Amino acid sequence: MPKWMDYVKEAKTRGSLAAEFFVVTSTPIAPPEKLKEILPRHLAYQIEKQNAHALVFAGPLSDESGENMLGEGMIIYQAQSLDQAKAFADADPMHAEGARSYTIRRWLINEGHIADTLKPLANN
């Protein structure tokens with residue numbers, strides 16, 4: 001299995017974008033009442049990270065059917081290191097106050113682009 005940084009170098013060599021981000025999957029571990037109590041602080045923190053250009057995307061995930069809300073979420077951070085991204089996730093009130101647990105993984109974007117302005121797709 002190749003080491004992460006070796007793969008990043010290889011991706012750059014072949015002309016891939018090789019932009020590194022950090023994916024946080026956040027799972028509720030507290031009752032819904034506690035989540036709702038912390039939500040305003042969580043959202044303020046998300047806006048703070050967004051304004052600092054550290055938060056790229058964040059939002060809830062559906063279940064596998066796409067029909068139900070489980071309370072799980074995903075956050076994409078742009079950070080200088082895995083340690084910095086972990087510090088961002090640790091400081092999120094949902095995690096810091098024990099309402100959610102999380103996993104974090106590096107994500108290397110090799111193809112695609114991010115537009116400056118994100119707009120929802122029109123419903124067809």
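What follows is a walk through the fold, from the overall layout to single residues.

This is a predicted model, in which local features need pLDDT of at least 70, side-chain atom pairs count only at pLDDT 80 or more, and totals for chains, interfaces and linings use all residues. Residues are numbered from 1 along each chain as its sequence is written, and side-chain values use heavy atoms, with hydrogens and water left out.

Start with the inventory. The protein has four helices and four strands. Helices (H or I, at least four residues) and strands (E, at least two) are DSSP runs, numbered from the N terminus. Along the sequence, the pattern reads α-β-α-β-β-α-α-β. The C-alpha trace spans about 50 × 40 × 30 Å along its principal axes.

The protein has 124 residues, and 30% of them count as buried. Buried means under 20% relative accessible area, exposed over 50%, and partly exposed in between (1.4 Å probe, protein chains only). The accessible surface comes to about 8,700 Å². Carbon and sulfur atoms hold 55% of that surface. These areas come from the Shrake-Rupley method with a 1.4 Å probe; for residues, only the protein chains shown count as cover. Contact means heavy atoms within 4.5 Å. Of the contacts with a separation of 6 or more, 70% are between residues 24 or more positions apart.

Turn to the strands. Two strands pair if DSSP finds at least two bridges between them. Strand β1 covers residues 19-28 and strand β3 covers residues 69-77. The two are antiparallel, with five bridges between them. Val-23 stands opposite Ile-76 of β3. Thr-25 faces Met-74 in β3. β1 also pairs with β4, again in the antiparallel sense, through 10 bridges. There, Thr-27 has Ser-101 of β4 as its bridge partner.

β3 has a further partner in β2 (residues 55-62). Six bridges join these antiparallel strands. One of the bridge pairs is Pro-60 with Gly-73 in β3. β2 and β3 form a hairpin with six residues between the strands. Gly-66, in that hairpin, takes a positive phi near 80 degrees.

Next comes helix α2, residues 32-51. Its 20 residues reach 28 Å from first C-alpha to last, close to the 28 Å expected at 1.5 Å a residue. The expected span is 1.5 Å times one less than the number of residues. The helix has a kink of about 45 degrees at Leu-39, shortly before the proline Pro-40. That bend is the angle between axes fitted to the seven residues ending at a residue and the seven starting there. After α2 comes His-53, with a positive phi near 65 degrees.

Which residues of α2 are buried? They are Leu-35, Ile-38, His-42, Tyr-45, Gln-46 and Lys-49. An α-helix has 3.6 residues a turn, so residues three or four places apart point the same way. The buried residues of α2 pack against β1, β2, β3, α3 (82-91), α4 (93-96) and β4 (100-109).

Leaving aside residues up to four places away in sequence, Gln-46 touches Leu-55, Ala-58, Ile-75, Tyr-77 and Asp-92. Gln-50, also in α2, is partly exposed at 44% relative accessibility. Its C-alpha is separated by 9.1 Å from that of Tyr-77, 27 residues apart along the chain. With 52% relative accessibility, Pro-32 counts as exposed. Pro-32 and Ala-79 are 47 residues apart in sequence and 30 Å apart in space, C-alpha to C-alpha.
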